[in-house]
Amino acid sequence: MRTVTISFLLILTLFCSCKKEPTELAEFEKLTVSYVSRGESFHFKKMEFTKKENKIFGKIIRPEYKISKKTAVSNDTEMNADKIKLLNDFWNQAIKFKDNCEEKYISSVTNEYTIIKDSDTLEIDRYCDWQDYEYRNLEKVLFSDFFEKLNSDRKSLEKELSNKLNGIWYPSTIKSTFERGEILELIKSKSEALNKDCHWEFSKEKEFKDNCPNLLDLKFSKSYEWDIDEGKTYLVISGGFTTREENGNTYTSVANYGATFIVKSINENRVELEYLWN
């Protein structure tokens, strides 16, 4: 009986050992990674990782990721063993690049990394070939749950907006050109329409149809999109194209350039748009 008991305990111990989660010890108490890209546009990104009770938690400091006017907050996210290993490997790669590296590109755009690990600081301002340790990839992997929820919330808002925009809309103003900042109001009520034969039609599937030839120049536009990533809600009506056949060849050309608006307000009966450009 004693032999059976000992054998059972040995099997149980082996089983528990197999089920044990892999661990990775962080090689830092606090790690801050900043990234700056300078060129035609300026981008500043920053993430921070801190040890708390032998666990590593990270959060995105910059930029603020938006869902229209709402800011998606990156709360403290616990890093698992694979993510801690990625951070350790990133620091070791940065050490290799701190004095010199074979630059991946020759470009007028500069990439600058500032990496602070506890009391040590590395600054790298060359186009090194970071591969899996490039900032965008690091951010995507380390905060995968955050970005998954962000994309889901953005899609949900776009669906909600498309449902509200679905249908036929009559403009309060009919003219071929608008100045930046001018307001265009669309109404659902045909009885209140300025011209009952002039309307725009939107579908839930983001299709667009222009039935108002004297309102802007959107005759050949067939679709629209939402842009809700920049802190506002933009309605973007696509450009339109025409095709022609000549000597057995098909040629496509731009027929109109579409139009972009800031959505000031929207409900099932009325939409207020601020014109930006076309």
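## Close-up views of the chain

**View 1. E53 sits in the loop between strand 2 (residues 42–52) and strand 3.** Before we go on: this is a predicted model, where local features need pLDDT of at least 70 and side-chain atom pairs count only at pLDDT 80 or more, while totals for chains, interfaces and linings use all residues. Residues are numbered from 1 along each chain as its sequence is written, and side-chain values use heavy atoms, with hydrogens and water left out. Strands (E, at least two residues) and helices (H or I, at least four) are DSSP runs, numbered from the N terminus. Back to E53: its phi is positive, near 55°, and E53 is not a glycine. Its relative accessible area is 77%, so E53 counts as exposed. For the whole set of views, exposed means over 50% relative accessible area, buried means under 20%, and partly exposed is in between (1.4 Å probe, protein chains only).

**View 2. L216 also has a positive phi, about 55°, without being a glycine.** Look for L216 in the loop between strand 12 and strand 13. Is L216 buried or exposed? Its relative accessibility is 4%, so L216 is buried.

**View 3. R62 and P63 are joined by a cis peptide bond, with omega about 0°.** P63 belongs to the loop between strand 3 (55–62) and strand 4. Further on, K69 is found in the loop between strand 4 (65–67) and strand 5 (70–72). K69 has 68% relative accessibility, so it is exposed.

**View 4. Helix 4 runs over residues 144–165, 22 residues in total.** From first C-alpha to last, helix 4 reaches 32 Å, close to the expected 32 Å; the expected span is 1.5 Å times one less than the number of residues. Its buried residues are F146, F147, L150, R154, L157, E158, L161, S162 and L165. These cover an arc of only 135° around the axis, so they share the same side of helix 4. That arc is the one of the directions from the helix axis to the C-beta atoms. An α-helix has 3.6 residues a turn, so residues three or four places apart point the same way. On the other side of helix 4 you'll find exposed residues: D145, E148, K149, K155 and K159. After helix 4 comes G167, with a positive phi near 125°.

**View 5. Helix 2 (residues 81–97) gets a cap from N80 at its N-terminal end.** A side-chain oxygen of N80 lies 3.2 Å from the backbone nitrogen of D82. Helix 2 has 17 residues and reaches 25 Å from first C-alpha to last, close to the expected 24 Å. Among its buried residues are I84, L87, F90, W91 and F97.

View 6. Rings of Phe, Tyr and Trp (its six-membered ring) pair if their centres lie within 6.5 Å; planes under 30 degrees apart are stacked, over 60 edge-to-face, and the rest tilted. How many aromatic pairs does this rule give? The count is 17. F97 and W130 are both buried. Y113 comes from strand 7 (residues 110–117), 17 residues from W130.

**View 7. Two disulfides turn up in a search of the whole structure.** A disulfide is a pair of cysteine sulfur atoms within 2.5 Å. One joins C101 to C128, S to S 2.0 Å. Its S-S torsion is about -90°, so this disulfide is left-handed. The other links C198 and C212, with the sulfur atoms 1.4 Å apart. This link is also left-handed, with -75° about the S-S bond.

Definitions and conventions: A polar contact is a pair of N or O atoms within 3.5 Å; within protein, one must be able to donate a hydrogen and the other to accept it, and residues adjacent in sequence count only if both atoms are side-chain atoms.
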